[in-house]
Amino acid sequence: METRKLGDLTVSAIGLGCMGMSEFYGTGEEKESIEVIHRALDLGVTFLDTADMYGVGRNEELVGRAIKGRRESVVLATKFGNVRGPKGERLGVNGRPDYVRQACDASLKRLGVEIIDLYYQHRVDPNVPIEETVGAMAELVQAGKVRHLGLSEAGPATIRRARKEARIAALQTEYSLWSRDPEDEILATCRELGIGFVPYSPLGRGFLTGRFRSPADLPDDDFRKNSPRFSDENFDRNLKLVAVVEAIARKHDAKASQVALAWVLAQGEDIVPIPGTKRVRYLEENAEGAGLTLSAADLEELDAAFPKDAAAGTRYPEAGMKMVNL
């Protein structure tokens with residue numbers, strides 16, 4: 001597995017999103033999830049992404065158990081800011097300095113580590129100046145609890161203000177063939193400031209893999225049931241887009257997922273996608289996709305088929321959209 005740079009942080013060219021192992025994408029199985037993480041490390045996929053809100057802390061605990069004894073080969077990223085109650089209830093976003101310190105200590109304990117390699121603010125708190133939040137995050141670096149800092153779903157103006165306060169290694173936001181909004185300003189801002197870019201959901205929450213042929217294919221407890229892009233109204237239109245990816249995949253004797261991932265990787269050496277999975281088979285396919293090179297003609301065909309706003313429906317329901325690009 002090749003490596004790339006996020007600011008001064010060296011990571012594997014693709015990472016592993018661990019969210020779905022504990023929540024959101026149907027029921028996960030811990031034994032297999034740990035096998036996925038172990039297999040990822042064996043394949044050189046060393047950049048692991050979690051957050052304190054995934055499974056209300058359970059995902060961090062799972063990742064911590066999985067990397068026990070292998071910490072030195074892991075680049076560990078986690079996030080804070082989306083606050084949840086003990087029963088999973090959503091309690092809003094918190095970027096206050098005292099909460100930053102409290103959240104970091106709790107994550108360190110759940111993960112069973114002494115230091116976090118990359119610590120993100122998961123969502124920008126509109127009620128707390130970004131300078132105060134990032135200032136508290138920078139104190140964690142000085143205290144030896146965190147190595148590098150990141151932001152998630154921050155807009156260009158917020159990124160600039162944050163960068164004046166402290167060095168930011170990475171910005172994480174959704175980016176894929178059907179979520180190309182970062183190309184407007186965010187990518188250019190990150191590149192100007194020397195900030196790496198980490199796309200989550202680079203496979204369109206699994207839609208671009210071609211696995212789903214109708215909304216009925218989703219488990220009842222899958223949060224994509226509430227996603228506008230997976231709705232009955234928009235599903236068929238979006239499925240037509242997937243057909244283009246599948247056609248290119250056939251030319252390369254590859255999977256649609258590998259083509260979608262290769263497209264993201266081709267957008268710049270400063271881009272490190274973190275496809276998520278809880279199945280070893282899909283992990284191996286994604287890792288193999290990191291080595292797929294698309295031709296200029298392939299890239300042109302995909303760009304033509306997936307202009308901005310090609311996907312039907314927003315990437316989150318209305319409430320979720322209010323918390324992105326702040």
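In what order do the 7 strands of the open sheet run? Let's find out by clicking through this model, which is a predicted one.

**Stop 1: the sheet.** Select the strands and read across: the order is β3-β4-β5-β8-β9-β10-β11, and the pairing is parallel.

**Stop 2: the edges.** Now pick residues 15-17, which make up β3, and residues 196-200, which make up β11. These two strands stand at the edges with a single partner strand each, so one side of each has no neighbour in the sheet. Turn the view and look for the twist, which averages 25° from one strand to the next.

**Stop 3: two helices.** Next, select α1 (residues 30-43) and α9 (residues 280-289). Their axes lie 9 Å apart, and the helices pack at an angle of about 25°. Angles under 35 degrees count as roughly parallel, and therefore α1 and α9 are roughly parallel to each other. Their crossing is right-handed.

**Stop 4: a pocket.** Finally, select D181, P182, K308, R315 and M321. Of the 25 residues lining the second largest pocket, these lie nearest its centre. The space in this pocket comes to about 350 Å³. What is its lining like by class? Colour the lining and you'll find 10 nonpolar, 5 polar and 10 charged residues.

Methods. Residues numbered from 1 in each chain as written. Predicted model: local features only at pLDDT ≥ 70, side-chain atom pairs only at ≥ 80, totals over all residues. Heavy atoms only, no water. 1 Å grid on protein atoms, 1.4 Å probe; cavity = no way out; pocket = protein on both sides within 12 Å on 5 of 7 lines; lining within 4 Å. Points joined across faces, edges and corners; volume = space filled by probe spheres on them. Nonpolar A, V, L, I, M, F, W, Y, C, P; charged D, E, K, R; others polar. Pairing = 2+ DSSP bridges. Helix = DSSP H or I, 4+ residues; strand = E, 2+ residues; numbered from the N terminus. Axes fitted to C-alpha atoms, helices over the stretch in contact; angles between N-to-C directions. Parallel < 35°, antiparallel > 145°, perpendicular 65-115°, else oblique. Left-handed = near helix turned anticlockwise from the far one by under 90°.
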